[in-house]
Amino acid sequence: MTETTTGADPRTPEIRLASGFLRNLRQDLIVDAFAYQPLRPMRTDGPLIRRLPERIRPEAAYAPHALVVLAAFIALTTAGHGGYESPSRSLVIGLMSAVPVLMTLVRPIGAFWTQMAIIAVFGVLNATGSVVWPWSPSSFFGHLTVLTVVAIRTGPRAAAWMWAVSSASGVALSVLLSRGQSLDTMPMVLVSALAMLVVSVRHIRAAAEQEVTAQQEVTAVERDRRTLLEERTTIARELHDVVAHHMSVVAIQAEAAPYRVKNPPPELEAAFVTIRENAVAALTELRRVLGVVRSADYEAPDAPQPTLASLEGLLANVREAGLGVDKTVTGSVRELPQGVELSAYRIIQEALSNSLRHAPGAAAGVEVSYVLGGLGVRIVNGAPTGDVRPSPGAGHGITGMRERVAMLEGEMTAGETADGGYEVSVFIPVRSRPVEDAA
């Protein structure tokens with residue numbers, strides 16, 4: 001019993017393979033064969049052109065066009081060495097060899113088919129002559145030039161089809177029109193095969209380089225995105241701990257407040273009950289939303305989250321690691337929201353870590369400015385000194401700092417200083433607490 005799958009191709013594998021070959025041939029050499037495709041100028045920032053004087057770079061971009069025109073001129077002049085007795089016939093043969101070469105500048109595939117037609121004409125004209133058949137020196141050079149230029153402009157698959165078609169045509173003409181003369185089909189087949197191989201290797205290498213470059217760009221983007229997500233996860237965890245702590249305190253104080261007042265009025269008790277219920281509901285919703293960023297193996301820190309009050313301990317650790325750092329505090333020191341102090345601490349920590357890695361032997365300075373509208377932080381280090389080589393980095397620390405500042409609606413600048421060091425400046429706005437008017 002034979003089962004037939006609906007939509008399956010009933011043709012044999014051999015027929016499907018042949019159909020695929022014919023489809024590729026039609027797509028590469030037949031569809032829009034004479035379409036207008038002008039050769040574009042070279043890039044002026046290439047490895048060769050950028051070494052030339054700036055005033056001649058625009059003209060140097062047309063070097064491929066000049067080479068094609070030169071090849072057409074060579075094909076025209078070599079017609080006189082083909083053994084033709086009539087100068088007019090040599091001129092006609094030269095023009096017929098040069099025209100397809102010039103056509104490669106605007107219609108590459110059409111130039112190939114024009115060249116194939118001219119080869120057939122050459123075969124008929126030379127079938128009774130004493131010249132080398134079916135290619136004279138002019139047609140040999142012109143045909144090889146057309147194949148090479150068109151292969152460069154199209155690709156390896158089109159190059160393979162052109163070589164196969166031209167080789168098969170040469171063999172067919174040799175069999176049909178040779179009439180006992182010596183054949184030079186094999187030299188053309190071998191030379192053109194070598195030329196097509198070189199061009200195909202060049203195309204494959206260029207495609208591989210583009211693929212590697214594109215993959216590197218994708219990898220860099222994915223790495224930055226992963227770093228950004230990891231930093232957001234860390235920030236979300238820290239904010240979860242900070243906000244959850246404060247909401248828990250609010251709920252506990254709201255529950256205990258009625259017992260601190262002797263004979264509280266019912267309205268006050270009801271108000272505290274509402275406050276506690278809202279705090280518990282907000283805490284539950286907060287844990288539900290932000291809790292999704294916690295991994296299964298995440299453990300809450302045993303110690304409280306660091307603040308600017310514990311900055312001295314961080315500076316002491318950095319000094320022990322070999323980085324000389326000074327701290328300057330300006331303005332009226334006051335307690336800031338815990339999220340702001342935690343982010344400022346982490347930014348200073350990351351900036352000093354970058355100084356240790358990228359500027360060994362340099363000194364660093366940390367400035368913390370308490371201003372009216374928020375908190376300013378500036379970390380600057382000098383140029384690296386000594387024999388220790390700086391460690392390379394991918395800029396992920398800067399990405400994390402920018403993410404922290406952006407989540408707090410702050411501003412950040414980072415860049416090299418005039419003396420070869422590096423500076424990170426951050427401003428985090430802090431909203432002032434509303435002051436209730438006395439009743």
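I began with K327, which forms a salt bridge with E312, the closest N and O atoms lying 2.7 Å apart. I noted that this pair links distant parts of the chain, with K327 in strand 1 (residues 324–331) and E312 in helix 10, 15 residues apart. The model I am reading is predicted.

Next I went to R378 and E423, whose side chains meet in a salt bridge at 2.9 Å, N to O. R378 lies in strand 3 (residues 374–381) and E423 in strand 5 (residues 422–429), so this pair ties together parts that are 45 residues apart in sequence. I found R378 partly exposed, with 28% relative accessibility. E423 is also partly exposed, with a relative accessible area of 22%; the cut-off for buried is under 20%. I then checked for shared partners and found that salt bridges join E367, R378 and E423 into one network.

I then turned to a salt bridge inside a helix. The side chains of E209 and R205 meet at 3.4 Å, N to O. Both residues lie in helix 8 (residues 185–260), and they are four residues apart, about one turn of the helix. I have E209 as partly exposed, at a relative accessible area of 45%, while R205 is exposed, at 59%. My count of salt bridges in the model comes to four.

I went back to helix 10 for its packing. The axes of helix 10 (residues 311–320) and helix 11 (residues 338–358) come within 11 Å and cross at roughly 10 degrees. On the helix 10 side I listed L311, L314, L315 and V318 as making the contact; on the helix 11 side I listed Y345, I348, Q349, L352 and L356. I sorted these contact residues into eight nonpolar, one polar and no charged.

Last, I recorded the overall figures. I counted twelve helices and five strands in the protein. Buried residues make up 35% of the 439 residues. I took contacts between residues at least 6 apart in sequence, and 71% of them join residues at least 24 apart. For the surface, I noted that the protein exposes about 26,900 Å², of which carbon and sulfur atoms supply 60%.

How values were computed
Residues are numbered from 1 along each chain as its sequence is written. This is a predicted model: local features need pLDDT of at least 70, side-chain atom pairs count only at pLDDT 80 or more; totals for chains, interfaces and linings use all residues. Side-chain values use heavy atoms; hydrogens and water are left out. Axes are lines fitted to C-alpha atoms, for helices over the stretch in contact, and angles run from 0 to 180 degrees between N-to-C directions. Helices (H or I, at least four residues) and strands (E, at least two) are DSSP runs, numbered from the N terminus. Contact means heavy atoms within 4.5 Å. Ala, Val, Leu, Ile, Met, Phe, Trp, Tyr, Cys and Pro count as nonpolar, Asp, Glu, Lys and Arg as charged, and the others, Gly among them, as polar. Buried means under 20% relative accessible area, exposed over 50%, partly exposed in between (1.4 Å probe, protein chains only). Accessible areas come from the Shrake-Rupley method with a 1.4 Å probe; for residues, only the protein chains shown count as cover.
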